[in-house]
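Subject: Structure for you to look at

Hello,

Here is the structure I said I would pass on. Please open it first, then read the notes below beside it.

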Amino acid sequence: MKKIAVLAGDGIGPEVMAEAVKVLKAVQKKFAVELSFTAADVGGCAIDRHGEALPASTLALCEGSDAILFGSVGGPKWEDLPPAQQPERAALLPLRKHFDLFCNLRPAKVFKSLTAACPLRSDIVGEGFDILCVRELTSDIYFGQPKGRDGTGLEERAYDTMLYTRFEIQRIARMAFEAARLRRKIVTSVDKANVLTTMVLWREVVIEVAQEYPDVRLNHIYVDNATMQLVRDPHQFDVLLCGNMFGDIISDEAAMLTGSMGLLASASINKDRFGLYEPAGGSAPDIAGQGIANPIAQILSAAMMLRYSFGWDEAAAAIDRAVETTLEKGTCTADIAVDPSRAVGTAAMGDAIVAAL
Ligand SMILES: NC(=O)c1ccc[n+]([C@@H]2O[C@H](COP(=O)([O-])OP(=O)(O)OC[C@H]3O[C@@H](n4cnc5c(N)ncnc54)[C@H](O)[C@@H]3O)[C@@H](O)[C@H]2O)c1
Ligand SMILES: CC(C)[C@H](C(=O)O)[C@@H](O)C(=O)O
Ligand SMILES: [Mg+2]
C-alpha cells in the first residue's frame, strides 16, 4: 500500500487533480496495486481556511506519506499579502526545502500527434524533440542568504543572494549525467559563467563530475544563448542541466515549445526518492473554474510518481501510453486543439485517458 498526500491547491489545481486521481484509481484496478489518497489544504485555500499556506496538519500528512501529489498554488487573491505569507513562498518553497527535493525533472517531449500545436515552424519542430530539464530546486538565488530590504527613499535597497555550494552542484550534476546515460548521452549545462561567480563554480564542478561519466558528452551554454537555441533548434538538446532560477525560466519555455504549459509534468525528488509531483505550470487564474484546463501535466506527474517514488515502471508507462493514444485519437483540450471548436473539457479528457488505459 502506497500512501499519497493529495494537495490540490488553488486555481485549476483541484480541477486537474480530480483527473489525476481518477487515472490513478484506474491504475489501481488494472495493475492490482494499492494506493490510498488523503487530501489536505495547501496554498491560498489553506490561508483562507486555516490562516496559513502550509498548515502543520498538511506537513504532517506529507511526512507520513510515501509521496506528495501537488496541484498548484497562488493567484491574484493572495498577491497583496506580505511576500513571506504568499502561497508560493510560504507553502511550495518550504515543502521543497523541508524534504530536500533538490532534483527537479521536467521532461519536455513533443507528442507526435501534437506537432501542429507546437509554436515553432514545422521545419524546425520536424517529428518532435525530446528534452529533459534537470533543475536544481533547493538552492540558488531562491534560498541563498542574505535576502532582504532596507534603507529609505532613493537609498532603499532589496537584495537576494545567488549561492551554490560544491556539494549542491555535484549532486544535481550527477543526476543529470545519470539521466543522460539512459537517453542520448548529451548533457548541456546552462550557466552564466561569463558574468556570475556562482556560475564559475557551477561550470568547474560540472566539468569535474563529467570525468565520472566519460560515455556522456558535456556541452556548456550561456543561459541567454540557451533560450535562443531552444527556439532555433531544440533537437540539439538531450539533458539540460540548470540551476534553480535558470531552470525555472528554461522549463516554461521548453513546455510551451511542446504545445502548452498544460503538458509539462514534473518530479521533485530527494536522495531517497521521496518526491513531490506537480505540473510545471501554475494555478492558471485566467482559465480556472471553467473546466477547460488541460489535465495531462497533472496526470503525467502522477505517472512520474509511480516511476520514481514507487518503482512501478509498468504502470507509469501505461499512463504515458494512454495519454499518447488519447491524443492520437484527436481528443484535445482547448490549449492544444488545432480546431478549438472541437476541444473537450478537463473531465472529458480525464475520462478519455482512463478509457485508453
Ligand atoms: N507549482 C506551482 O504551484 C506554481 C507554478 C507556477 C506558477 N504558480 C503560481 O500560479 C499563479 C499564476 O501564474 P502564471 O499565470 O504566471 O503561470 P501559469 O502557469 O499559471 O499560467 C501561464 C499560462 O499557461 C496557461 N496554463 C497553465 N497551465 C495550464 C493547463 N493545465 N491547461 C491549459 N493552460 C494552462 C494559463 O492559462 C496561462 O495562460 C501565480 O500565483 C504563480 O505564482 C504556481
Ligand atoms: C511558483 C514558483 C515558486 C515556482 C518556482 O519558481 O519554482 C514555479 O514557477 C515552478 O516552476 O515550479
Ligand atoms: Mg516556474
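**What was found**

The protein chain has 12 helices and 12 strands; helices (H or I, at least four residues) and strands (E, at least two) are DSSP runs, numbered from the N terminus. The radius of gyration of the protein chain is 20 Å, close to the 21 Å that the globule rule gives for 357 residues, so the chain is as compact as a globular protein of that length. That radius is taken over C-alpha atoms, and the globule rule is 2.2 Å times the number of residues to the power 0.38.

This is a predicted model: local features need pLDDT of at least 70, side-chain atom pairs count only at pLDDT 80 or more, and totals for chains, interfaces and linings use all residues. Residues are numbered from 1 along each chain as its sequence is written, while chains are lettered from A and ligands numbered from 1 in the order in which they are written.

Along the principal axes, the C-alpha atoms of the protein chain fill a box of roughly 55 × 50 × 40 Å. Of its 357 residues, 48% count as buried. A residue is buried if 20 or more other C-beta atoms lie within 10 Å of its own, exposed if 12 or fewer, and partly exposed in between, with C-beta atoms placed from the backbone.

**Domains**

The domain assignment gives domain 1 (1-102 + 268-357) and domain 2 (119-257); such bounds come from an automatic or database domain assignment. The C-alpha centres of domain 1 and domain 2 lie 24 Å apart. Their contact takes 9 residues from domain 1 and 10 residues from domain 2, where two residues are in contact if their C-beta atoms, placed from the backbone, lie within 7 Å. On the side of domain 1 that touches domain 2, the largest share, 3 residues, comes from H4.

UniProt places the feature "domain: Isopropylmalate dehydrogenase-like" (unreviewed entry) at residues 3-353. UniProt positions are given in the numbering used here, feature names are shortened, and annotations may be inferred rather than shown by experiment. Over residues 3-353 the chain is 40% helix and 17% strand.

**Ligands**

Around ligand 1 there are 23 residues, of which Gly74, Gly262, Gly281, Gly282 and Asn294 come nearest. A residue is near a molecule or strand if its C-beta atom, placed from the backbone, lies within 6 Å of it. The shell around ligand 1 divides into 10 nonpolar, 9 polar and 4 charged residues. Here Ala, Val, Leu, Ile, Met, Phe, Trp, Tyr, Cys and Pro count as nonpolar, Asp, Glu, Lys and Arg as charged, and the others, Gly among them, as polar.

Ligand 2 is surrounded by Glu88, Leu92, Leu93, Asp248 and Ala280. Helix H4 (residues 87-98) gives the most to this shell, with 3 residues.

**Binding-site residues in the record**

UniProt places the feature "binding site" (unreviewed entry) at Arg96, Arg106, Arg135 and Asp224. They are spread over 129 residues of sequence and also in space, up to 26.6 Å between C-alpha atoms.

Arginine 96 is found in helix H4 and counts as buried, with 20 C-beta neighbours inside 10 Å. Arginine 135 is found in strand S5 (residues 130-136) and is buried, with 29 other C-beta atoms within 10 Å. Leaving aside neighbours within four places in sequence, the contacts of arginine 135 include Arg106 and Asn244.

Regards
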